[in-house]
Amino acid sequence: MAVIEVNNVFKSFGKTKAVNDVSFEVHKGRIFGLLGPNGAGKTTTIRMINYILSPDSGSVTLNGNIASPETQKVIGYMPEERGLYKKMKVLDQLMYLTQLKGMNSTDARKAIDYWLDRFEASDWKKKEINELSKGMSQKIQFIATIAHDPDIYIFDEPFSGLDPINSETLKEIIIELREKGKTILFSTHRMEQVEQMCDDICLFNQGEAVLTGNLREIKSSFGENTINLEFEGDSSFLDTLDNVRINNRSTNFAEIRVLDGQNMQDILKVAMEHAEIHKFERIEPSLTEIFISTVGEDNIKKGELV
Ligand SMILES: Nc1ncnc2c1ncn2[C@@H]1O[C@H](COP(=O)(O)OP(=O)(O)OP(=O)(O)O)[C@@H](O)[C@H]1O
């Protein structure tokens with residue numbers, strides 16, 4: 001039995017179809033990524049799993065039970081809108097929130113000390129939330145979500161507001177939770193985080209789940225028709241290539257999706273004529289490319305995906 005099951009769920013706000021016939025399953029001991037641009041329906045789906053919203057139709061179950069106030073208790077949920085008491089001191093706040101979730105004060109204090117130390121935040125115990133930066137309070141919110149050691153974790157955009165070092169710590173911790181057999185679902189619009197961490201994904205676009213399943217299987221089903229090119233020199237030759245789509249382009253790097261009618265050897269020839277080639281590697285497409293080829297370039301609002 002899946003830990004979380006979302007079955008043919010619909011949810012509208014007025015005329016906006018926020019979630020339109022979405023289904024997926026999240027299994028024990030796995031990291032599941034809800035992925036998609038702004039407004040795609042990720043938060044609405046997460047709120048239905050957490051029983052903050054109810055579906056118009058379809059069902060959400062947790063360990064086989066329909067989402068309810070009872071199922072809410074088994075989830076460690078970090079919402080998109082972070083909710084900490086601004087005037088309360090960090091330690092008091094964490095003790096309060098953790099005991100609210102059923103921990104006794106001795107265990108709560110032990111867990112809080114451990115996590116504050118993990119996030120190098122032990123010095124903040126006496127600070128008010130007001131005094132913390134956005135990233136710092138985000139870490140406290142994360143600790144408040146996980147300290148009571150639930151079995152299911154749901155994080156809405158957990159990496160937003162974190163610098164690269166803290167993002168790395170958070171990533172390590174999420175992977176450790178999986179190693180302990182916990183079940184994790186998180187949303188993001190950042191493709192590379194999903195590529196690095198997730199076992200399974202659901203790719204949303206305009207309220208619909210356009211691609212769902214095991215990340216490795218999804219990637220390999222798209223075949224190795226992409227080139228990872230690293231070079232030195234003028235990159236303008238890239239603009240002369242026909243029947244390709246260029247993703248993740250920077251001064252010395254390009255990911256080139258080879259479309260029908262183009263061939264890799266010809267691309268290599270052109271590249272060698274114009275630049276010094278450091279790497280020419282045939283790879284599976286990135287998730288960005290998979291997203292674009294699944295939903296179509298015309299259906300993506302520019303700048304929404306990274
Ligand atoms: N309470 C609400 N009232 C009206 N419309 C809503 C409400 N909540 C969400 N929507 C709309 O539903 C759609 C899906 O929004 P949702 O927040 O689920 O997307 P998202 O994928 O989480 O986006 P983001 O990455 O920006 O958080 C959007 O068009 C949004 O404007």
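Two strands are said to pair if DSSP finds at least two bridges between them, and helices (H or I, at least four residues) and strands (E, at least two) are DSSP runs numbered from the N terminus. The views below come from a predicted model, in which local features need pLDDT of at least 70, side-chain atom pairs count only at pLDDT 80 or more, and totals for chains, interfaces and linings use all residues. Residues are numbered from 1 along each chain as its sequence is written.

**View 1. The E9–E10 hairpin.** Let's start where E9 (residues 200-205) and E10 run antiparallel, joined by six bridges. Leu203 faces Leu211 of E10 across this pairing. Two residues lie between the strands of the hairpin, and Gln206 adopts a positive phi near 45°.

**View 2. The open sheet of six strands.** Here the strands follow the order E6-E7-E8-E3-E9-E10, with mixed pairing. E6 (75-78) and E10 (208-214) are the edge strands, each with a single partner, so one side of each has no neighbour in the sheet. On average, neighbouring strands are turned by 10° against each other, direction ignored. For such angles, axes are lines fitted to C-alpha atoms, for helices over the stretch in contact, and values run from 0 to 180 degrees between N-to-C directions.

View 3. Five bridges pair E3 (residues 31-35) with E8 (residues 183-188) in the parallel sense, and Leu34 sits opposite Ser187 of E8. Helix H5 (residues 134-146) packs on the sheet, where H5 touches E6 and E7 (152-156) and makes about 165° with the direction of E6. Helix H6 (residues 164-179) also packs on the sheet, touching E3, E7 and E8, at about 150° to the direction of E8. Contact here asks that the C-beta atoms of two residues, placed from the backbone, lie within 7 Å.

**View 4. Ser122 in its loop.** Look for Ser122 in the loop between H4 (105-118) and H5. Ser122 counts as partly exposed because it has 15 C-beta neighbours inside 10 Å (20 or more would be buried, 12 or fewer exposed, with C-beta atoms placed from the backbone). Leaving aside residues up to four places away in sequence, Ser122 touches Leu116 and Asp117.

**View 5. The shell around the ligand.** The ligand is surrounded by 13 residues, the closest being Phe13, Ala18, Asn38, Thr43 and Thr44; a residue is near if its C-beta atom, placed from the backbone, lies within 6 Å. Strand E2 (16-26) and helix H1 (42-49) are the elements giving two or more residues to this shell, and H1 gives the most, with three.
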